[in-house]
Amino acid sequence: MVNPGTRIRELREKREMSQLELARQLGINNSVLSRIESGKRDVEDYLLVKFADFFRVSTDYLLYQTNDPTPTSSADLPETVAPYLADGLRELTPEARKEVMNFIEYVKVKYAKKDGDDKK
Amino acid sequence: MIPTHFLYQLADYEGIAIEWRDMHHVQGIYIHAPGAYKPVIALSNTLHTQERKLRCVLAHELGHHFTTSGHYIIAANSTSSIYATKHENLATKWAVNLLIPTDIFLDCIRKGMLCHELCNYFYVLPEYIIQKAKQLHKEPSLNDAIAEINTSYNVVF
């Protein structure tokens, strides 16, 4: 089986986070994360889900079953928002995130660009 | 202090829509979505009665507008994540400089204003005064002024 640690390291480095930071965010021990990334430790299912949720990718992506990181469970998230959920919004509580998502939906409807209306 | 209506005018001038929302977990959001014809700032209704905080939040969201380029920018503030990410840092820095101009700030220091007086003078949250002090810390020529602020900070808060 291919090791999900490599993917996790990739995703973490893409966000310019240290192992310590990520471990803290996920509430796991730094050394656990380090061993997971280097493939010295298997990833328990619940942790895999944690990583997937945090990085907004599917668990399949972490397990190299697909190269498409889009999680199926978050189909309700607008695509354009997904990368920012991982960055700007990751520190928000679920309630706060919900308010933000509601607002995004609201903007998408109320301020929708009409055809031939690039600037208004 | 910079009048609060100036912040609204600035938003208006930049073509940013302001939306007041019934939000209790987030105070402000800046979003410039590719599908939308203009950027929008959301402000929590709870800010209606807290002008000092409103000024900081609105300036911060305007900071997102001026310090990040392109579409897809979505930023949200809760008190816990105000300085969380690089983008947040940039926006806060911008907001602090808008609400607290360096020259006026230093004049106030020379007049011997204490931290809480500075907060009232610029009508901002104490965090912003501290942030300003931190930013000026990087200027070696201002070391004395900074030391003074730090002292008053310890006394007042």
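Predicted model: local features only at pLDDT ≥ 70, side-chain atom pairs only at ≥ 80, totals over all residues.
## Chain A overall

Chain A holds 7 helices and 0 strands. From the N terminus on, its elements run α-α-α-α-α-α-α.

Chain A has 120 residues, and 42% of them count as buried. Its accessible surface is about 7200 Å². Carbon and sulfur atoms account for 48% of that surface. Take the contacts in chain A between residues at least 6 apart in sequence: 51% of these join residues at least 24 apart.

## Helix 6 of chain B

Helix 6 of chain B covers residues 126–137. At 1.5 Å a residue, its 12 residues should span 16 Å. The end C-alpha atoms are 17 Å apart, so the two values agree. Several residues of this helix are buried, among them B:Tyr128, B:Ile129 and B:Leu136.

## An aromatic cluster in chain B

Over all chains, the count is 6 aromatic pairs. One of them joins B:Phe105 and B:Phe122. This pair is tilted, with 6.1 Å centre to centre and 45 degrees between the planes. B:Phe105 lies in helix 4 and B:Phe122 in helix 5 of chain B, so the pair ties together parts 17 residues apart in sequence.

B:Phe105 counts as buried because its relative accessibility is 0%. B:Phe122, at 1%, also counts as buried. B:Phe122 forms an edge-to-face pair with B:Tyr121 too: 5.1 Å centre to centre, 80 degrees between the planes. B:Tyr121 is partly exposed, at 37% relative accessibility. B:Phe105, B:Tyr121 and B:Phe122 form one aromatic cluster.

## Charges over rings

The charged end of A:Arg7 sits over the ring of A:Tyr61, 3.9 Å from the ring's centre.

Notes:
Residues numbered from 1 in each chain as written. Chains lettered and ligands numbered in written order. Heavy atoms only, no water. Helix = DSSP H or I, 4+ residues; strand = E, 2+ residues; numbered from the N terminus. Buried < 20%, exposed > 50% of the residue type's maximum accessible area, 1.4 Å probe, protein only. Contact = heavy atoms within 4.5 Å. Areas by Shrake-Rupley, 256 points an atom, 1.4 Å probe, with all protein chains shown as cover. Expected span 1.5 Å × (residues − 1). Phe/Tyr/Trp six-rings, centres within 6.5 Å; stacked < 30°, edge-to-face > 60°. Lys NZ or Arg CZ within 6 Å of the ring centre and 35° of its normal.
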